[in-house]
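Trainee: I would like to learn how to read packing in a model. Please take me through the core, a helix and the aromatic pairs.

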Amino acid sequence: MQTGSAPRKLIPAGTVAENVAAVRARIEAAARRAGRPPEGVRVVAVSKGFGPEKIAEAVAAGITDIGENRLQEALPKVAWLKERGIKVTWHFVGHLQTNKVKGVLAHFDLIHSVDSVRLAQEISRRASWPVPVLLQVNVAAELAKGGFILEPVLPDRELFWAAWEVIRRLPNLDIRGLMTIAPQVDDPEKVRPVFRRLRELAERLGLPELSMGMTEDYEVAVEEGATMVRLGRAVFGERPAR
C-alpha cells in the first residue's frame, strides 16, 4: 500500500450550504452501495482555520457536529456560538496534550484522539463523569502520525492491545469506538484496507463508533463502515492562506 503523501485535489468553490448538500449526496450514495442507511453517518465539520460565522452557515445547512484541532482556536468559536444560542456537538479531533485536558473536558462533547495510555489516564483523573472518547489507531503505522499501532514495527509507539487492557479498566471513560487517519494517497481505493481493518477491530471489541474518512477519502470510509467522517475543506472550502 502506498503511504506517501499525494497532492490534494482542489475543492470547487461553493457556498457552505451547497457543499453540505454535495457531501450529503455523496454519503448517501456511498452508504447505499454498502447496503447501509445514510442516517448512520455523521458529518463532523472540521472548522480549523475558519471563523465562527462559517460554522453558523454550516449549522444553518443542517450540520450539528463541529470538530476542532486546537483548544486555543476553538475557545472563541465556542463562546461566539454560545452567545448566539447556536447549539452544536463539539468534537476534539486533533492531538491532545495532557496539559490541555482540563480545558477540552470543559468545552467538548467527544474526544476522537486518545492516542496514549498516559492521555487516557489524565482524562480519567480529571473527569468526574464517563467522558465519551475514541481511541486513535495508527493502522498504517506511519511515523508522522500518532495513535496506537497494531504490530511492533515502531519501537517508540504503544501497541494497541497492551494499551487496551489498561484503558478499558479506567474509570470515567466511555470508550465509544475507534479513530484513524488514513495515509494520503493518489487513489482513495488504496486506503480501503486501512478502513476495513479498523472496522474489523471495532467489531471484535464491540465498539459502535468509527471515526474515519476525510475530504479525500470519506466515500470509501463510508462504504467500509464509518459512523463519523471528519470533513474540513469538503464543507468549508479551501482554507484561507495565512
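Trainee: Which residues does isoleucine 123 touch, not counting residues up to four places away in sequence?

Mentor: In soluble globular proteins, nonpolar side chains tend to be buried together. This is a predicted model, and in it isoleucine 123 touches Leu96, Val101, Leu105, Ile111, Val114, Val131 and Leu173, with residues up to four places away in sequence left out.

Trainee: Which residues touch the most other members of the largest nonpolar core?

Mentor: Ile123, Phe160 and Leu178 do, in a core of 72 residues. Apart from that core lies another, of five residues, and Val44, Leu110, Met179 and Met228 are among them.

Trainee: Now a helix. Which residues of α1 are buried?

Mentor: Helix α1 runs over residues 16–34, 19 residues in total. Its first and last C-alpha are 27 Å apart, close to the 27 Å expected at 1.5 Å a residue. The buried residues of α1 are Val16, Asn19, Val20, Val23, Ile27, Ala30 and Ala31. These lie on the same side of α1 because they cover an arc of only 100 degrees around the axis.

Trainee: On to the rings. How many aromatic pairs are there?

Mentor: With ring centres within 6.5 Å as the cut-off, the count is six aromatic pairs. Take tryptophan 90 and phenylalanine 108: their ring centres are 6.2 Å apart and their planes stand at 75 degrees, so this pair is edge-to-face. The pair links distant parts of the chain, 18 residues apart: tryptophan 90 is in strand β3 (residues 89–92), and phenylalanine 108 is in the loop between α4 (101–107) and β4 (110–114).

Trainee: Is phenylalanine 108 buried or exposed?

Mentor: Phenylalanine 108 has a relative accessible area of 8%, so it is buried. Tryptophan 90 also counts as buried, at 6% relative accessibility.

Trainee: How are the rings of phenylalanine 92 and phenylalanine 108 arranged, and what are the numbers?

Mentor: Their centres are 5.3 Å apart and their planes are at 90 degrees, so the pair is edge-to-face. Phenylalanine 92 is in strand β3, 16 residues from phenylalanine 108. Phenylalanine 92 counts as buried, at 2% relative accessibility.

Trainee: Which residues form one aromatic cluster?

Mentor: Phe148, Phe160, Trp161 and Trp164 do.

Methods. Residues numbered from 1 in each chain as written. Predicted model: local features only at pLDDT ≥ 70, side-chain atom pairs only at ≥ 80, totals over all residues. Heavy atoms only, no water. Core = buried A, V, L, I, M, F, W, Y, C linked by side-chain atoms within 4.5 Å. Buried < 20%, exposed > 50% of the residue type's maximum accessible area, 1.4 Å probe, protein only. Contact = heavy atoms within 4.5 Å. Helix = DSSP H or I, 4+ residues; strand = E, 2+ residues; numbered from the N terminus. Expected span 1.5 Å × (residues − 1). Arc of directions from axis to C-beta. Phe/Tyr/Trp six-rings, centres within 6.5 Å; stacked < 30°, edge-to-face > 60°.
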